[in-house]
Amino acid sequence: MKNNAQMWLEIAQYLRSSSYIGTDAGNCFIGSVTSLIPQAGYSGMATIYPLVIASFLCNIGISFTPSITKFSSPAQDRIATLVTENNINSIILAQEIIKNPVIYILV
């Protein structure tokens, strides 16, 4: 388990980044959430993410410069890619479950 100082350094590094840095799990969440709200569009979601990050940081008592959240958030073209990747992975998984339902039921 990482100690607190290590976690804070990683958060600071992420927020200071000049471009979006995503993990597989984080990208999957972004793709899934964006798929659930198609009315927002990619541009709308790209606008919302920095606000969500800023809200989270304020709620846990971390002071920050608001402009840094725009760099640590995905742009609309990246969000579009994440939605596509997430949907493709979901389709492939669904096809695998249909082919081998017993395997997925047992797991």
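User: At what angle do helix 3 and helix 4 pack, and how far apart are their axes?

Analyst: In this predicted model, helix 3 (residues 41–59) and helix 4 (residues 76–99) pack at an angle of about 110°, and their axes are 8 Å apart. The two helices are therefore roughly perpendicular to each other, since angles of 65 to 115 degrees fall in that class.

User: Which residues make the contact?

Analyst: Helix 3 contributes Y42, S43, M45, A46 and Y49, while helix 4 contributes Q76, I79, A80 and V83.

User: How do those divide into nonpolar, polar and charged?

Analyst: The contact of helix 3 with helix 4 has seven nonpolar residues, two polar and no charged.

User: And helix 2 against helix 4, what is the angle there?

Analyst: Helix 2 (residues 24–36) packs on helix 4 at about 90°, with the axes 8 Å apart. That angle makes helix 2 roughly perpendicular to helix 4.

User: Which residues are involved on each side?

Analyst: From helix 2, the contact takes in N27, C28, I30, G31, S32, T34 and S35. From helix 4 come R78, I79, L82, V83, N86 and N87.

User: What is the make-up of that one, in nonpolar, polar and charged residues?

Analyst: The contact of helix 2 with helix 4 comprises five nonpolar residues, seven polar and one charged.

User: Where does S73 sit?

Analyst: S73 lies in the loop between helix 3 and helix 4.

User: Buried or exposed?

Analyst: S73 is buried, because its relative accessible area is 6% and the cut-off for burial is under 20%.

User: What does S73 contact, sequence neighbours aside?

Analyst: Leaving out neighbours within four places in sequence, S73 is in contact with Y20, Y49, P50 and I53.

User: How far is S73 from I37?

Analyst: Their C-alpha atoms are separated by 18 Å, and the two residues are 36 residues apart along the chain.

User: Last one, R16. Where is it, and is it buried or exposed?

Analyst: R16 is in helix 1 (residues 4–16). R16 is exposed, with a relative accessible area of 68%.

User: How far apart in space are R16 and T69?

Analyst: R16 and T69 are 8.5 Å apart, C-alpha to C-alpha, with 53 residues of separation in sequence.

Notes:
Residues numbered from 1 in each chain as written. Predicted model: local features only at pLDDT ≥ 70, side-chain atom pairs only at ≥ 80, totals over all residues. Heavy atoms only, no water. Axes fitted to C-alpha atoms, helices over the stretch in contact; angles between N-to-C directions. Helix = DSSP H or I, 4+ residues; strand = E, 2+ residues; numbered from the N terminus. Parallel < 35°, antiparallel > 145°, perpendicular 65-115°, else oblique. Contact = heavy atoms within 4.5 Å. Nonpolar A, V, L, I, M, F, W, Y, C, P; charged D, E, K, R; others polar. Buried < 20%, exposed > 50% of the residue type's maximum accessible area, 1.4 Å probe, protein only.
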